[in-house]
Amino acid sequence: MLHSDRTVLEIIENDRLRTVFQPLVSLKRKSVFALEALTRGADPRTGEAISPSVLFALATEPGTRLALDRACREKALEHFARMQWADRSLMLSLNMDVSCLGLVAPNGSRSLLKAVRRHGVNPSSVIIEITESEAPDTEVLLEFVEFYRKRGFLIALDDVGAGHSNLDRIPLLKPDVLKMDRSLISGVHEQFHKLEVVKSFSQMAGRVGALVVAEGVEREAEALCLLENGVEVLQGFLFARPGPPDADLSGVPGIVESLAATYKERMTRRINEGKYRLSQYDALMLTLGMEIAASGKEVDLELARFVDAYTSIECLYVLDMRGVQVSGTVCNPNKLKRSKRLLYEPADMGTDHSLKEYYLPLRAGLEKFTTPPYISLASGNRCITIAHVFHHRALGRDLILCADIGDEPEDA
């Protein structure tokens, strides 16, 4: 039976901590970018392995937790110093228990800086991983981050997107690396809402000059989806499980090469399919516009006929050149989500669309525009909107035909 703090102190004193490393892989560079150091313990009586979560949970006293955190970092740096001789470009991602910051002045002991110097590791090759939700005091955390950033260390915000992460601390801490939590990554290729959150983090990281890392990647489909959406540094069982310092990582390049080849083939196919699909949509919109312009029937009747004839169309509606809707919104009733009709409702005649993404490019002079996928306010489904200018001869003016077309991802 484990006896909490006494057991932890015995593990430290008897050198029963074991460091394992898991690679962070850059797919575009086709190389191992960094290694994250993870610590395991061994029961001093039975030798039974103790997981990191259990090990740190046993350290209930603040002093014990601080001693454990420092011992883990010391062991990791000791191993990494030897590993870096073989590859000077390799970086170390080192977890920091920021709940310990309130126990001493944040820079008073400078224990991490001293340990790095003692082992001859360049501070610029060390990424300090912090979970900001564990910090007892924001000011103390900020002081710690600024102290180590000025000395060349990189700062990573861990567990981004997890239940307790506070996004307001991203602009506050200005991290160099954002590590997206595995809860976001698992099944990202199958869940549209997860993917949109991941894309948002990826885009934000690119704009603020941070590197985004995806943790917990276990399937090829997840890796390909992440790469397609701007996340190129991945970590997870797909590449390697955490292993000892001398673990053989020679199989990682082969996995990366295979993913790269699949990615190139897949993206080439998707681009070609997208070009063909858009050419078909352009031809369809041109035909519909011409038929509406030539018909003596009411516009709504023509729209209803087209919706019946083309099952891929969810909704059709017509705007004037000011962006005001001059028809009803005619929808395929089988495409509407009845359970969400209070949230998603087709727009009525007279609705102003002048701020919509599909209208503004036409106002600027384009003849046609296709939006990226989004959730339609008319149907509640993922769709694209195609807007196409046509001339209505009977009315003697230009109008804009808009079509919402279903665009569910192929892996959904």
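**Salt bridges, cysteines and backbone angles**

At 57% relative accessibility, Lys174 counts as exposed in this predicted model. Lys174 sits in the loop that runs between α6 (169-173) and β7 (177-180). Its phi angle is near 50°, a positive value in a residue other than glycine. Asp159 also has a positive phi, near 60°, and is likewise not a glycine. Asp159 belongs to strand β6, residues 154-160. With a relative accessible area of 24%, Asp159 is partly exposed.

The loop that holds Lys174 also holds Asp176. The side chain of Asp176 meets that of Arg149 in a salt bridge, at 3.9 Å from N to O. Arg149 lies in helix α5 (residues 138-150) and Asp176 in the loop between α6 and β7, so the pair ties together parts that are 27 residues apart in sequence. Both partners are partly exposed: Asp176 has a relative accessibility of 24%, and Arg149 has 22%.

Across the whole structure, the search finds 22 salt bridges. Side chains of opposite charge can pair when their charged atoms come close. Glu36 has 4% relative accessibility, and Lys179 has 1%. Salt bridges that share partners join Glu36, Lys179, Glu129 and Glu215 into one network.

A further salt bridge stays within one helix. The side chains of Glu78 and Arg82 meet at 4.0 Å, N to O. Both residues lie in helix α3 (residues 62-86), four residues apart, about one turn of the helix. Glu78 is partly exposed, with a relative accessible area of 32%.

The cysteines give another result. A disulfide is a covalent bond between the sulfur atoms of two cysteines. The count of disulfides here is zero. For Cys72, the nearest cysteine sulfur is that of Cys100, 10 Å away. A disulfide requires the two sulfur atoms to be within 2.5 Å, so Cys72 is in no disulfide. Cys100 is in no disulfide either; its nearest cysteine sulfur is that of Cys72. Both cysteines are buried, Cys72 at 8% relative accessibility and Cys100 at 3%.

Met267 lies in helix α10, residues 252-294. This residue is partly exposed, at 23% relative accessibility. Met267 and Ile130 are 137 residues apart in sequence, and their C-alpha atoms are 35 Å apart in space.

Terms used. Residues numbered from 1 in each chain as written. Predicted model: local features only at pLDDT ≥ 70, side-chain atom pairs only at ≥ 80, totals over all residues. Heavy atoms only, no water. Buried < 20%, exposed > 50% of the residue type's maximum accessible area, 1.4 Å probe, protein only. Helix = DSSP H or I, 4+ residues; strand = E, 2+ residues; numbered from the N terminus.
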